[in-house]
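Please read it with the structure open.

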Amino acid sequence: MTLIHNQYGSIYKNMTDKIIKQSNIKPELLAPAGSLDVCRAVIHAGADAVYLGGSRFSARAYAENFSSEELLEAIDYAHLHGRKIYLTINTLFKQPEMETLYDYLLPYYEQGLDAVIVQDFGVMQSVRTYFPDLPIHISTQMSVVSAYGAAYLKSLGAVRIVPARELSLSEIIEIRRRVDIQIECFIHGALCYCYSGQCLLSSMLGGRSGNRGRCAQPCRLPYTVLDDQKHRLSGPECYPMSLKDLCTINEIPRLIEAGIDSFKIEGRMKSAEYAAGVTSIYRKYIDRYMSGGDACPSIQDYQRLLDTGNRSGFTSGYFMQRNGADMVTLEHPAHEKNIEAWVDAAIPKIPVRAEAFLKINEAAMLTVSFGSLSAAAEYGTVEAAKNQPISREMIETQLSKTGNTPFVMDSILIHMDDSVFLPKQTLNQLRRSALEKLAEQMLEKYRRKAQSKNFPEKDYVRKRVNCTNICFTAAIEEEPQLTEVLRYDFIKRIYLDSSMYTHRHFAAQLKEHVLLIKESGKQAYLILPAIFRRDTARFYKENFQTFAQMGLDGYLVKNQDELGFLEEMDADRDCCILDHSLYAYSNTAMSSYQTAGWKYDTIPLEMNKKELLSRENTSSELVIYGRMPLMVSAQCIYHTMGQCKKTRSLCYLKDRYAKEFPVRTICSECCNILYNSQPLSLIQLSKELGRLMPAAYRLHFTFETKEEVSRVIHSCMQSFFEHQTPNMTQIIGDYTNGHYKRGVE
């Protein structure tokens, strides 16, 4: 295999020893487009496929995006040039939106749309039902990080995954080896600090949800970093969550050899100059490498990439490193934009052969052909010239004027009588008609006919539930909290967070806690990690039978990878509860999970009261208290600040309004979880919550002391059983209702 610049030291060398060449197939170069002009530009620059958003359901809601007419035109334009169009419907759907999905997709499906990119589990199943031959690509918003998730989603109909950008190249290769599914990876553009799809920061702070394509990017703002004792680790103008932009132009050979199927450029909100410029450079070096040439980029081309825009320089991302301060801007990120018109503007044209027949007193006829396809058109009547006949040269000139069509006349053969006359406009119309018919023939193979939508939506019947009989559960993230929650009989189930345990002593500590819970007559559930990467999955596979034998009643599951893992482990699905990070916004999404065997879920955190009232909640838990996680990141704040503690610990990010956001370092999983500055409380709304009819109410304890846990539980008893309204401000201080009263756009 070909080795390239060894600039990563021992980390890189260890990976080099493990990697063997995976593929000799040229990867697809996938470019972004926020408008029809950008779509044309990136195709001209060498993109094999273009991903774009329509008028709805796009994770870039503030991009220009495409009208229905423009999207249909883009599909045809790409197909005439032998390229593909992928449509992003990669947001979470509310139920009324879900009911419009069929009509929204229908015209694009029939036009020949090549694939859809999805995040919502209900959308995935609906597309599979209504449009079974439309390829489904899994968005990076689903946070797939292992072969378990890839295999599980493939079994449900996905043909491609876009794994989390945090994966190393060796993890991607392992997915490639274990699962026969296409893999698409980002190679250039902006990086999120959080695992995509696991971020609620913008949503909770301002109601603009990243899951709905409306992220306000509060992670790009300055924060003061404080340690666990609230001592400063940074100045006030620090940018600890603003990552540099990704650039992998130096890694093209290695990425190709890893067997990645599609190289994806980020930037649907960028200009045509940016998208086409970046596309053309990656096209150049991919082609060079595949033809056996030198794939080392020139200084000039690297500078051109910098000039298109960057945040304080570039990073090669996570392919070769787990995380690091060199990936973070830290200081105010400088955006350089000095884009020049250096992209080759030559438009690729389709060469056609033309043959004209001009016989006096007969209709003018033109036949055009491309490959085995041909089309003929007739228009007007050829007349004998009364004065000056039309020349063969003039006829050829007019027929050659293909203008902004995708065609160019490669050869023109003219059969004509002597001294004929035909107006120029007749020749123009003849040319247009023939080329339009040829285009229709070329596009015919892409057209489809959809079956009618005769799949009735499930008619949900609300079951009346006595509020006082609803189960109460408690999740804990600190060991001292356990003895406190065990004191209360009305709490029937305890969730033990896996981050409490070190891998070395995991089984012994967990067994002790499970025994205490069972002795109290309660159920014991284990909360699986927020992210289930390769090393984590290996640990759980090695210990799964041990966990099962110690009396665990079930698992709280957080991601698609864990669903795939539990399926492979043949776990009892009735003992698995999906957490709020496995989003079930709509009844359709919830029903899709149930059809797949997962009966119980947690109500998403971004839904408001009105939406919750229209949701079927009788198999769902509602979180009524807790400091909610807003971000899960592969980065580490302590590590970024050069003070890695190598142990589970806390730090804080203080924003410009002096709000302090706790960040928990979970070293066993090598990740950070950022929590809201204020706890969520719906405890005081018990009278309203009864109308939602959830299966259970959950209290989620994170950093609370035993005394604080006790106060929260007593307020819960006061509200739900004594029918009094507790003053939560006096009990817990400042708190938030979350999205219960406001929701998200």
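1. Terms and basis. Helices (H or I, at least four residues) and strands (E, at least two) are DSSP runs, numbered from the N terminus. The model is predicted; local features need pLDDT of at least 70, side-chain atom pairs count only at pLDDT 80 or more, and totals for chains, interfaces and linings use all residues. Residues are numbered from 1 along each chain as its sequence is written, and side-chain values use heavy atoms, with hydrogens and water left out.

2. An open sheet is formed by 5 strands in the order 8-28-29-30-27, with antiparallel pairing; two strands pair if DSSP finds at least two bridges between them. Strand 8 (224–226) and strand 27 (629–633) are the edge strands, each with a single partner, so one side of each has no neighbour in the sheet. On average, neighbouring strands of this sheet are turned by 25 degrees against each other, direction ignored; the axes are lines fitted to C-alpha atoms, for helices over the stretch in contact, and angles run from 0 to 180 degrees between N-to-C directions.

3. Pairing within the sheet. Strand 8 is joined to strand 28 by 3 antiparallel bridges, and V225 is placed opposite L653 of strand 28. Between strand 28 and strand 29 there are 6 bridges, again antiparallel, with Y652 opposite P662 of strand 29.

4. Strand 28 and its hairpin. Strand 28 and strand 29 form a hairpin with 5 residues between them. A658 is found in this loop, between strand 28 (649–654) and strand 29 (660–666). Although A658 is not a glycine, its phi is positive, near 70 degrees. A658 is exposed, at 52% relative accessibility.

5. Other positive phi values. S312, also a residue other than glycine, has a positive phi of about 55 degrees. S312 belongs to the loop between helix 12 (299–308) and strand 12 (314–315) and is partly exposed, with a relative accessible area of 29%. G112, which follows helix 5, likewise has a positive phi, near 115 degrees.

6. Helix 5. In helix 5 (residues 101–111), the buried residues are L101, Y102, Y104, L105, Y108, Y109 and Q111. These buried residues pack against helix 3, strand 3 (84–89), helix 4 (95–98), strand 4 (115–118) and helix 6 (121–130), contact meaning heavy atoms within 4.5 Å.

7. E567. This residue is part of helix 18 (residues 560–568) and is partly exposed, at 34% relative accessible area. Leaving aside residues up to four places away in sequence, E567 touches Y152 and R573.

8. The whole structure contains 7 cavities of 30 Å³ or more. On a 1 Å grid over the protein atoms alone, a cavity is a set of points where a 1.4 Å probe fits but cannot get out, and a pocket is an open set with protein on both sides within 12 Å along at least five of seven lines; lining residues have an atom within 4 Å of a point. Grid points are joined across faces, edges and corners, and a volume is the space filled by probe spheres set on the points. The largest cavity holds about 330 Å³. It is lined by 24 residues, and A530, K558, P629, V632 and I673 are the closest to its centre. Strand 27, strand 29 and strand 30 each give two or more residues to this lining; strand 30 gives the most, with 3.

9. Lining classes. The largest cavity has 12 nonpolar, 6 polar and 6 charged lining residues; Ala, Val, Leu, Ile, Met, Phe, Trp, Tyr, Cys and Pro count as nonpolar, Asp, Glu, Lys and Arg as charged, and the others, Gly among them, as polar. The second largest cavity, of about 130 Å³, has a lining of 12 nonpolar, 3 polar and no charged residues.

10. The second largest pocket. This pocket has a volume of about 530 Å³. Among its 23 lining residues, Y77, L80, N404, T405 and P406 lie nearest the centre. Helix 14 gives the most to the lining, with 6 residues.

Technical notes
Buried < 20%, exposed > 50% of the residue type's maximum accessible area, 1.4 Å probe, protein only.
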